[in-house]
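Please work through each task before reading its solution.

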Amino acid sequence: MSGLAGRGIGEIQSLVSSGKASAVEICRASLERARSVEPRVKAFRALLEEDALRQAERVDRDRREGRRPGPLAGVPMAVKDVLCTRGFPTTCGSRILKGFVPAYDATCVARLRAAGAVILGKTNMDEFAMGSSTENSAYEKTCNPWALDRVPGGSSGGSAAAVAAREVPASLGTDTGGSIRQPAALCGVPGMKPSYGRVSRFGLVAFASSLDQAGPIGLTVEDVARVLQVIAGHDPRDSTSAPLPVPDYLVSLRHGASGLRVGVPAEYFRAGMDPEVDAAVKSALKLAERAGARLEEISLPHTEYAIPTYYIIATAEASSNLARYDGVRYGHRAAGADRMAPLYLRTRTEGFGAEVKRRIMLGTYVLSAGYYDAYYLKGQKVRTLIRRDFERAFQTVDAIVTPTSPTPAFRFGEKVDDPLSMYLSDIFTVTINLAGLPGMSIPCGLTRDRLPIGLQIIGRRFDEETVFRLAAALEAELKFHEHRPPLDGPS
Amino acid sequence: MAIGRDEVLHIAKLAHLEFSDEEIGRMTRHLSSILDYVAQLEALETSAVEPMSHVESGAHTLREDTLVPSMSREEALANAPEPDRGLFKVPKVIG
């Protein structure tokens, strides 16, 4: 690995803004790293080589001309292919959007660019962010950098793998039920789903609008905080983005865990969990205690209803959001239809993959006449109960710690034909989306087979600061960054 | 089975999707197993619980009604499968 690839954001930003390294050199190192590992990892759908070098040149020119470098000056980043990039294809991992070129940047992408980041490419994902293994991409399979015969998790599998493979120090993913946190856990990198409303959804191609949220994955907790700092904040173009000030997250990283009350929910440590995951999270909890946190057993009694509730609400919203893919305004259009109805039918049947069709069907069913009350309305009510569980818990604790995923990375094909077992991969993450809370996964150990294990830190709504505070304190105790995926041979 | 073949065919029609015989069989099995799992919600008493559709973010949902530039017609049509004289061309809807 070249000397410049694999460095964190803080280091890159200071090298570039002091002129010790140019953004172009950093960008070339990142591209070289990508060329060396991509044939094995396949994190990217597309590398935007020429444009990345142009962006890097602009950063260097701005510095030479005396303009103040942005907080991400010269930092190579990867962006999940569900976030619109002006002038560059955005496929959402779907055949139905093959060749679609957005006329605008998603707000979070525009903010990265304005901060000086260099967008290296678009990353692979489960089609329309539906999946937990990235196997539902219509284009390619992304491999876990820790074990190439295993999945990187999903749906932001490409964004997590690109960071874990040291192609970029940070990336953007999106998370509707765990799609940032679960792949971050399976790839051994930190990743955060911010509070609902913290980051603009403008230009994030919708899956389930009441749950979707974009967020960063990075080499370290600090890298994640630096990116969130840039993308967070109100956007007049997203009426659900919160008109709240964005605190200085780098400050919260230095506060330590001393005095924090940390809730440990009994419902998240039940039988069925991989014993190595259970043991790693529990030993991390001991480290949190050593760092000065006070552990408290809590109960989130409606946890067992989270997956059924999530699959009602997320699929109902998806069936409505995905009605827009009709072959009229953009994307794939079936050839030869001479009437409107067959045009819709054939375009959608040809364009969508199996999992997306399954979820559209489920969503259509739970919203259909005769079933609306039994399923959709019921799901909305149980969502209230799940949110209340957290409100009650946060009266006595400042943060909650759970495992991120019940298992480490699984093998390709292991769950892809059994939708229910795939859905259960998200059992510890969906509750946080239903309640609109911030949640972060950080790596907390390796299994005997050297597969990463993640733990999840959950905070109060809009209290990303406390999540970062505990994450940084635990990261310092866990020293996980000493481990590297075996891509470069034995170290 | 929580859902039968005829019902799956009806839902497919509503969703504008078409399936082969084999796919209908598989879809029926998959949806049934998911719905069986979802049925555990019936055990919860929720008659007095308010439903929620989203978590409120304190945002003002209405902006000032001021004119701002928007996407040009050319940009809006740039991805159209069949643009025609500044419009989206579609097959016959009626007749």
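The model is predicted, and local features need pLDDT of at least 70, side-chain atom pairs count only at pLDDT 80 or more, and totals for chains, interfaces and linings use all residues. Residues are numbered from 1 along each chain as its sequence is written, and chains are lettered from A and ligands numbered from 1 in the order in which they are written.

**Exercise 1.** Determine how H7(A) and H16(A) pack.

*Solution.* 
Step 1. Helices are DSSP runs (H or I, at least four residues), numbered from the N terminus. H7 covers residues 221-231 of chain A and H16 covers residues 464-478 of chain A.
Step 2. Their axes lie 9 Å apart at an angle of about 160 degrees; axes are lines fitted to C-alpha atoms over the stretch in contact, and angles run from 0 to 180 degrees between N-to-C directions.
Step 3. H7(A) is therefore roughly antiparallel to H16(A), a term for angles over 145 degrees.
Step 4. On the H7(A) side, the contact involves Val221(A), Ala225(A) and Leu228(A); on the H16(A) side, Glu464(A), Phe468(A), Ala471(A), Ala472(A) and Glu475(A). Contact requires C-beta atoms, placed from the backbone, within 7 Å.
Step 5. By class, the residues of this contact are six nonpolar, no polar and two charged. Ala, Val, Leu, Ile, Met, Phe, Trp, Tyr, Cys and Pro count as nonpolar, Asp, Glu, Lys and Arg as charged, and the others, Gly among them, as polar.

**Exercise 2.** Which residues have the most contacts inside the largest nonpolar core?

*Solution.* 
Step 1. A nonpolar core is a set of buried Ala, Val, Leu, Ile, Met, Phe, Trp, Tyr and Cys residues joined through C-beta atoms within 7 Å; buried denotes 20 or more other C-beta atoms within 10 Å of the residue's own.
Step 2. The largest such core has 161 residues, and Met77(A), Val118(A) and Leu470(A) have the most contacts inside it.
Step 3. Helix H10 (residues 306-321) of chain A supplies the largest share of this core, nine residues.
Step 4. Leaving aside residues up to four places away in sequence, the partners of Met77(A) include Leu112(A), Val118(A) and Val168(A).

**Exercise 3.** Describe the side of chain B that touches chain A.

*Solution.* 
Step 1. The interface brings 43 residues of chain B into contact with 54 residues of chain A.
Step 2. H2(B) gives the most to the chain B side, with seven residues.
Step 3. That side has 25 nonpolar, twelve polar and six charged residues.

Notes:
Helix = DSSP H or I, 4+ residues; strand = E, 2+ residues; numbered from the N terminus. Parallel < 35°, antiparallel > 145°, perpendicular 65-115°, else oblique. Contact = placed C-beta atoms within 7 Å. Buried ≥ 20, exposed ≤ 12 C-beta atoms within 10 Å, placed from the backbone.
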